[in-house]
Amino acid sequence: MDVSLRSCHILLTLFNRKLRDELSHNLFLMLQECNKFREHQAREILIDTLEQQLKRREEGLKMLNTQIGEADEALEALRKFRKN
């Protein structure tokens, strides 16, 4: 290989390496940004899921309290019936 061709090859190799490094760095930055979004999205999904669970539990508790009230009324009616 003559000197000018070798010099060209070295310059191209360095240039390619620099491009690869820049591309690698840009991909790294993109992944970091994606991970930030995923963390934020995961937080939002978790909050939504927990709020839905809380709502279902509150509705379940309300239904349970209603049934307890109805059972208490039935027991009281039974006690009154037994006394008569």
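**Exercises on a predicted single-chain model**

Arg 79 counts as partly exposed, at 48% relative accessibility (buried is under 20% relative accessible area, exposed over 50%, partly exposed in between, with a 1.4 Å probe and protein chains only). The model is predicted: local features need pLDDT of at least 70 and side-chain atom pairs pLDDT 80 or more, while totals for chains, interfaces and linings use all residues. Residues are numbered from 1 along each chain as its sequence is written, and side-chain values use heavy atoms, without hydrogens and water.

**Exercise 1.** Determine which residue forms a salt bridge with Arg 79.

*Solution.* 
1. The criterion is a side-chain nitrogen of Lys or Arg within 4 Å of a carboxyl oxygen of Asp or Glu.
2. The partner is Glu 76, with the closest N and O atoms 3.3 Å apart.
3. Both residues lie in helix α1 (residues 3–83), 3 residues apart, so about one helical turn separates them.
4. Glu 76 is also partly exposed, at 37% relative accessible area.

**Exercise 2.** State how many helices and strands the protein chain contains, and what share of its residues counts as buried.

*Solution.* 
1. Helices (H or I, at least four residues) and strands (E, at least two) are DSSP runs, numbered from the N terminus.
2. The protein chain has 1 helix and 0 strands; Met 30 is found in helix α1.
3. Of its 84 residues, 0% count as buried.
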